[in-house]
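Here is a colleague's note to read alongside the structure. Please keep the model open and look up each residue as you go.

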Amino acid sequence: MPDAVVIGAGPNGLVAANLLVDAGWTVEVLEAQDEAGGAVRSDRGVHPDYVSDLFSAFYPLAAASPILARLDLAAEGLRWSHAPSVLAHPLLDGRCAVLERGVQHTSAGLARFAAEDGESWQDMYRTWSRIGPDLVQALFTPFPPVRSGLRAAAKLRASGGLRVARKLALPVRRLGEEEFSGDGGRLLLAGNALHADLAPEAAGSGGFGWLMSMLAQSHGFPVPVGGAGALTDALVSRLRRRGGVLRCGERVASVIVRGGTAVAVRTAGGDAIDARRAVLADTSAPALYRDLVGEEHLPSRLVRDLERFQWDFATLKVDWALTGPVPWTAPGAARAGTVHVADGVDGLTRFASQIAMGHVPAEPFALFGQMTTADPSRSPAGTESAWAYTHLPQHITADAGPDGITGTWDTREQEAMADRIENQVERFAPGFRALIRARRILSPTTLQSMNENLHNGAINNGTTALHQQLVFLPTPGAGRPETPVMNLYLASAAAHPGGGVHGAPGANAARAALRSHHGLSKLLQRAQR
């Protein structure tokens with residue numbers, strides 16, 4: 001009988017398992033899919049000569065994560081690579097906002113949009129340099145982050161206090177307008193905010209856009225050499241080398257609860273696997289509570305709160321094997337690993353507004369990855385392994401474009417949406433479509449079938465909006481990995497601090513389980529009942 005059973009071998013589940021093994025626990029990780037990794041996997045499914053990342057691809061949060069740093073994954077062979085430029089946002093007139101590896105170079109580029117904007121970017125980065133490290137530490141600490149939070153608050157006060165806090169609470173459109181005179185800085189902030197489901201007019205989108213932009217400036221958008229799967233391979237290697245057990249193709253059908261305590265899990269094959277001390281679930285919150293535990297074991301208020309749980313945007317992704325580099329009209333985009341494809345901030349607003357109405361966007365905002373530019377091992381010299389994803393409504397009511405997409409995601413709808421993305425890229429890179437050697441379409445339903453946590457392609461395990469963060473994540477009064485069921489812990493991006501590959505939800509759950517024998521974790525669990 002293992003001390004702990006971990007449901008799901010995504011990055012959070014693997015981080016949790018590694019920390020528990022480090023503490024001397026015996027651990028079994030059960031993964032429904034035939035391979036580990038969750039949304040951190042790669043393959044050669046588009047073309048045998050091209051490595052494609054199936055889901056996530058760039059990892060600024062992993063680079064900044066003190067949790068992953070302490071695991072020393074370099075010892076397991078993990079290496080990182082960077083594109084010459086971090087990200088770019090080209091415009092149709094040939095101008096291009098570029099976030100470079102060095103802050104001075106980024107500033108010089110933004111000054112070409114408006115002379116004073118270079119200094120504005122440097123001032124923003126100076127603020128980050130003062131408060132960023134403590135803010136990241138607080139972000140990746142179990143909620144409430146008392147010690148690191150106090151340090152961050154002290155640094156925040158010394159850096160402008162309420163004025164800085166006000167900036168972070170702003171919609172990203174307003175933040176860009178206040179900080180920059182030209183389009184460049186505004187584009188970098190707003191495009192980064194829409195890595196999540198935050199419209200340019202959403203409260204707090206300024207803070208998220210600022211966070212992602214400053215992480216990009218300080219840590220870059222690195223990629224694992226050889227593909228995203230190399231990060232998973234390192235986590236699995238470390239776990240197994242220290243005695244942990246991983247079983248893939250082993251779906252968990254239920255958590256066995258006796259007397260209000262999780263004591264085991266039952267697999268789809270009918271086997272019961274006892275857990276001496278804890279069960280940790282790297283699953284979505286609705287899946288854990290409704291499907292694995294069952295409402296009969298939960299407080300009625302939690303059951304009611306789950307009815308209000310909000311998923312983030314749906315996603316459709318296209319992978320390409322290209323015969324040559326993308327022919328961007330704006331030269332600055334050619335050196336960037338990540339390219340934001342949209343007609344300026346107004347284009348982002350139109351895109352987000354159509355999603356809010358349930359409409360498939362007519363001109364999708366494409367987040368475009370140039371993986372060979374970031375890591376030359378991904379495809380033969382002179383070619384490009386590329387991808388793009390765009391967001392969609394969770395519930396489609398209409399198509400703002402001409403194709404009548406309804407959300408059935410049959411072959412016709414998948415091809416129509418992929419063509420729409422390609423046509424958008426073609427506007428900024430004429431000749432792009434002629435370079436396509438092969439492509440693969442991953443629709444919202446396909447993404448979910450490959451990783452059940454990606455509900456209809458929701459990549460963040462729930463909205464990033466303020467009403468479902470901190471003590472509201474995943475439901476009001478939570479904010480921690482403890483659940484109302486004793487010895488059961490939520491270890492996924494559905495728990496604080498949410499989405500992104502950084503390992504914090506898994507680490508927080510593991511620490512909570514380790515504290516349980518001291519009684520604190522049980523007290524917190526009783527408080528949720």
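**Notes on the model**

1. Strand β3 covers residues 42–47, and it pairs with β4 in the antiparallel sense over three bridges. Two strands count as paired if DSSP finds at least two bridges between them. Helices (H or I, at least four residues) and strands (E, at least two) are DSSP runs, numbered from the N terminus.

2. A word on what you are looking at: this is a predicted model, in which local features need pLDDT of at least 70 and side-chain atom pairs count only at pLDDT 80 or more, while totals for chains, interfaces and linings use all residues. Residues are numbered from 1 along each chain as its sequence is written, and side-chain values use heavy atoms, with hydrogens and water left out.

3. Now find the open sheet of five strands, which has the order β9-β2-β1-β13-β21 with parallel pairing. Strands β9 and β21 stand at the edges with a single partner strand each, so one side of each is left without a neighbour in the sheet. Neighbouring strands of this sheet are turned by 20° against each other on average, direction ignored. Axes here are lines fitted to C-alpha atoms, for helices over the stretch in contact, and angles run from 0 to 180 degrees between N-to-C directions.

4. Inside that sheet, strand β1 (residues 4–7) runs parallel to strand β2 (residues 27–31), and four bridges join them. The bridge partner of A4 in β2 is V27. Helix α12 (residues 285–293) packs on the sheet and touches β1, β13 (278–281) and β21. The direction of α12 makes about 150° with that of β21. Contact means heavy atoms within 4.5 Å.

5. How many salt bridges does the structure hold? There are 37 salt bridges, each being a side-chain nitrogen of Lys or Arg within 4 Å of a carboxyl oxygen of Asp or Glu. One of them joins the side chains of E452 and R251 at 2.0 Å, N to O. E452 lies in the loop between α17 (444–450) and β21 (488–490), and R251 in the loop between β9 (245–248) and β10 (252–258), so this pair ties together parts that are 201 residues apart in sequence. E452 is partly exposed at 44% relative accessibility, and R251 is partly exposed with a relative accessible area of 35%. Buried means under 20% relative accessible area, exposed over 50%, and partly exposed in between (1.4 Å probe, protein chains only).

6. Another salt bridge joins the side chains of D343 and R427 at 2.9 Å, N to O. D343 sits in the loop between β15 (336–341) and α14 (344–356), while R427 belongs to helix α16 (residues 411–428), 84 residues apart. R427 is partly exposed at 33% relative accessible area.

7. Are R378 and D375 buried or exposed? R378 is buried with a relative accessible area of 0%, and D375 is buried at 2%. Their side chains meet in a salt bridge at 2.7 Å, N to O. Elsewhere, look for a network of salt bridges that links E415, D419, E422, R433 and R439.

8. The aromatic rings deserve a look too: the count comes to 12 aromatic pairs. Rings of Phe, Tyr and Trp (its six-membered ring) pair if their centres lie within 6.5 Å; planes under 30 degrees apart count as stacked, over 60 as edge-to-face and the rest as tilted. The rings of F58 and W387 have centres 6.3 Å apart and planes at 50°, so this pair is tilted. F58 lies in the loop between β4 (50–53) and α2 (60–64) and W387 in strand β18 (residues 384–392), so the pair ties together parts that are 329 residues apart in sequence. F58 is buried at 14% relative accessible area, and W387 is buried at 4%. Ring pairs link F58, F221, W387 and Y389 into a cluster.

9. Finally, visit helix α18 (residues 504–515). Nine of the 12 residues of α18 are buried, so the helix is largely enclosed by the rest of the structure. Among them are A504, P505 and G506.
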